[in-house]
Amino acid sequence: MVAFKVLYSLYQKTFTIDSTIELVKNFIFQKRLWTLWYIACLFFLNIIFYLVTKFAKKNISKAVIVIAMAFIGLVYYKSGGLPLPWNIDACFMAIPFFFGGFVLKDNSNKIDNLLSQTKNKILLFLAFGLINVVFGYLNIKTIGKGLEMFYSEYANPLFTYISAFAGIFAVIIFSRFFTIKPIRYIGGNSLIYYAWHQTIMIPVTTIIFSFLGFQESYDIYKPYYWCYKLVQLAVIIIVLTIPTVIVEKTNLRVLLGKRKIV
């Protein structure tokens with residue numbers, strides 16, 4: 001990705017040695033760099049939460065530690081703290097979501113039983129969807145912004161966590177209504193799509209579309225904008241599926257943290 005950025009700067013005639021050194025430094029320390037910032041954050045979240053589980057055996061003890069960490073992160077955010085190397089500051093605010101996923105996985109059988117009935121799925125989806133919208137609206141209404149970890153913005157933390165968790169639960173329940181294989185495949189092999197779509201594929205497709213005579217539009221109220229974005233999305237998914245399949249079907253899969261093919 002760094003190599004692509006260097007080539008792209010050469011294409012745009014903005015290349016300098018100083019900017020390249022700064023790019024490499026930012027890549028190494030990962031302070032909110034591209035979409036990769038979340039990968040670094042997730043890496044350290046795994047380590048931090050592993051230590052939490054080793055120290056605290058009961059979920060209530062884990063919850064106390066997680067809440068304390070979130071409070072520390074909130075104090076750091078409120079005091080104007082800048083992003084730390086490898087986005088460790090974001091780990092403190094993100095760990096409640098990580099803990100939530102841990103609890104959900106720990107109770108997956110109970111959740112499966114609860115959501116086995118269509119009536120329960122519909123009612124819970126509507127309830128969590130409504131909570132997400134209401135508390136998200138309250139954030140925007142009272143603070144003027146919502147959750148944006150990239151910019152260290154958390155608005156009203158109480159409203160933010162309630163809205164975010166409700167939205168997560170609503171999406172999980174919504175996914176139970178469908179078994180669309182392509183979407184499930186992308187979801188299960190999302191790292192390449194996630195890492196390359198914004199930094200590499202969007203600039204490349206924008207250049208290609210421009211060369212073909214299709215200029216990007218920024219007017220979201222015109223049909224052309226949505227047609228352009230949908231075509232761009234389709235091209236990105238198709239192109240990035242190729243390296244994803246190659247990695248998935250070969251021993252390169254170890255690069256994504258998966259086992260070798262025996």
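**Exercise 1. Locate Met149 in the chain and work out whether Met149 is buried or exposed.**

Step 1. Met149 sits in the loop between α7 and α8, where helices (H or I, at least four residues) and strands (E, at least two) are DSSP runs numbered from the N terminus. This is a predicted model, in which local features need pLDDT of at least 70 and side-chain atom pairs count only at pLDDT 80 or more, while totals for chains, interfaces and linings use all residues. Residues are numbered from 1 along each chain as its sequence is written, and side-chain values use heavy atoms, with hydrogens and water left out.

Step 2. The relative accessible area of Met149 is 13%, and Met149 therefore counts as buried, given that buried means under 20% relative accessible area, exposed over 50%, and partly exposed in between (1.4 Å probe, protein chains only).

Step 3. Leaving aside neighbours within four places in sequence, Met149 is in contact (heavy atoms within 4.5 Å) with Arg32, Trp37, Met93, Ala94, Phe97 and Tyr154. The C-alpha atoms of Met149 and Tyr38 are separated by 9.3 Å, although these residues are 111 residues apart along the chain.

**Exercise 2. Determine how α4 and α5 are oriented to each other and which residues make their contact.**

Step 1. Helix α4 (residues 59-78) and helix α5 (residues 88-106) have axes that come within 7 Å and cross at roughly 155°; axes are lines fitted to C-alpha atoms, for helices over the stretch in contact, and angles run from 0 to 180 degrees between N-to-C directions.

Step 2. The two helices, α4 and α5, are therefore roughly antiparallel to each other, since angles under 35 degrees count as roughly parallel, over 145 as roughly antiparallel, 65 to 115 as roughly perpendicular and the rest as oblique.

Step 3. On the side of α4, the contact is made by Asn59, Lys62, Ala63, Val66, Met69, Ala70, Ile72, Gly73, Leu74 and Tyr76, and on the side of α5 by Asp89, Phe92, Met93, Ile95, Pro96, Phe99, Phe102 and Asp106.

Step 4. These contact residues of α4 and α5 divide into 13 nonpolar, two polar and three charged, where Ala, Val, Leu, Ile, Met, Phe, Trp, Tyr, Cys and Pro count as nonpolar, Asp, Glu, Lys and Arg as charged, and the others, Gly among them, as polar.

**Exercise 3. Give the angle between α3 and α4, and list the residues that meet.**

Step 1. The angle at which α3 and α4 pack is about 140°, with their axes 9 Å apart, and that makes α3 oblique to α4.

Step 2. From α3, the residues Ile48, Phe49, Val52, Thr53 and Phe55 meet Lys62, Ile65, Val66 and Met69 in α4; this contact of α3 with α4 comprises seven nonpolar residues, one polar and one charged.

**Exercise 4. Find where Asn87 and Ala155 lie, and describe their phi values.**

Step 1. Most residues other than glycine have a negative phi. Asn87, however, has a positive phi of about 60° although it is not a glycine, and Ala155, likewise not a glycine, has a positive phi of about 50°.

Step 2. Asn87 lies in the loop between α4 and α5 and is buried, with a relative accessible area of 0%. Ala155 is placed in the loop between α7 (118-142) and α8, and at 3% relative accessibility Ala155 also counts as buried.

**Exercise 5. Summarise the protein chain as a whole.**

Step 1. The protein chain has eleven helices and zero strands, and its C-alpha atoms fill a box of roughly 55 × 55 × 45 Å, taken along the principal axes.

Step 2. Of its 262 residues, 31% count as buried.
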